[in-house]
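Please keep the sequence and the three-dimensional view at hand while reading.

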Amino acid sequence: MFSSGYLYILMTSIFTVIGELIIKWRIDSMEFSLHGTAIEKITSVILLLFDKYIMVGLFSAMLAALFWMAALSKFNLSHAYPMIIALLTILTVAASVYILGESMSYIKIIGVSIVVIGLMVLWVGEAYIHIDYE
């Protein structure tokens, strides 16, 4: 049976990845750097924090946190956390390749495949644990 908690986990993952993509894209396009004097570093961070796109990315992260709290109300942490980390790994690698144009190596493919197998074990295993034997 599909629990609304899984939808919360999915939404947490989606909003987290959206936020990550926006922030990464913006940091690259602004040529953000923490090199130079202390004043230059502080100025760089302040410009970054007040950038409208960075704010959208942070808002997306805030929405992800709200969905995460909802997910935790439905599942044990020991179940929800590995699922969220697995989904974040899969979605982040896929989005980074397709949206940001990052490379996809064989090592990434193997790693993501292992994560997918682990996610399936968690999902299917949890379904079998909760079978009602009435």
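Lys24 and Asp28 stand four residues apart in helix α1, so about one helical turn separates them. Helices (H or I, at least four residues) and strands (E, at least two) are DSSP runs, numbered from the N terminus. The model is a predicted one, in which local features need pLDDT of at least 70 and side-chain atom pairs count only at pLDDT 80 or more, while totals for chains, interfaces and linings use all residues. Residues are numbered from 1 along each chain as its sequence is written, and side-chain values use heavy atoms, with hydrogens and water left out.

**Salt bridges**

Side chains of opposite charge can pair when their charged atoms come close. A salt bridge is defined as a side-chain nitrogen of Lys or Arg within 4 Å of a carboxyl oxygen of Asp or Glu. The structure holds two of them, listed here.

| Salt bridge | Closest N and O atoms |
|---|---|
| Lys24 and Asp28 | 3.1 Å |
| Arg26 and Asp51 | 2.9 Å |

Lys24 is partly exposed at 36%, and Asp28 is partly exposed at 45%. Asp51, with a relative accessible area of 9%, is buried.

**The chain as a whole**

The chain has five helices and zero strands. Its radius of gyration is 18 Å, well over the 14 Å that the globule rule gives for 134 residues, so the chain is more spread out than a compact globule. This radius is taken over C-alpha atoms, and the globule rule is 2.2 Å times the number of residues to the power 0.38. Along its principal axes, the C-alpha trace spans about 70 × 35 × 25 Å. Buried residues account for 26% of the 134 residues.

**The nonpolar core**

In soluble globular proteins, nonpolar side chains tend to be buried together. A nonpolar core is a set of buried Ala, Val, Leu, Ile, Met, Phe, Trp, Tyr and Cys residues joined through side-chain atoms within 4.5 Å. The largest such core has 17 residues, of which Ile9 and Leu119 touch the most other members. Two or more residues come from each of α1 (4–30), α3, α4 (77–98) and α5 (106–129). Helix α4 gives the most, with eight residues. Not counting residues up to four places away in sequence, Ile9 touches Ala71, Phe75, Ala80, Met83, Ile84 and Leu87; contact means heavy atoms within 4.5 Å.

**The nonpolar patch**

Which residues form a nonpolar patch on the surface? They are Leu34, Ile42, Val45, Ile46, Leu49, Phe50, Met55 and Leu58, with about 750 Å² of accessible area together. Patches are made of residues with over 30% relative accessible area and no salt bridge: like charges are joined within 9 Å, nonpolar side chains (Val, Leu, Ile, Met, Phe, Trp, Tyr) within 5 Å. Helices α2 (38–49) and α3 (52–72) each supply at least two residues of the patch, and α2 gives the most, with four residues. Leu49, found in helix α2, is partly exposed at 46% relative accessible area.

Key:
Areas by Shrake-Rupley, 256 points an atom, 1.4 Å probe, with all protein chains shown as cover. Buried < 20%, exposed > 50% of the residue type's maximum accessible area, 1.4 Å probe, protein only.
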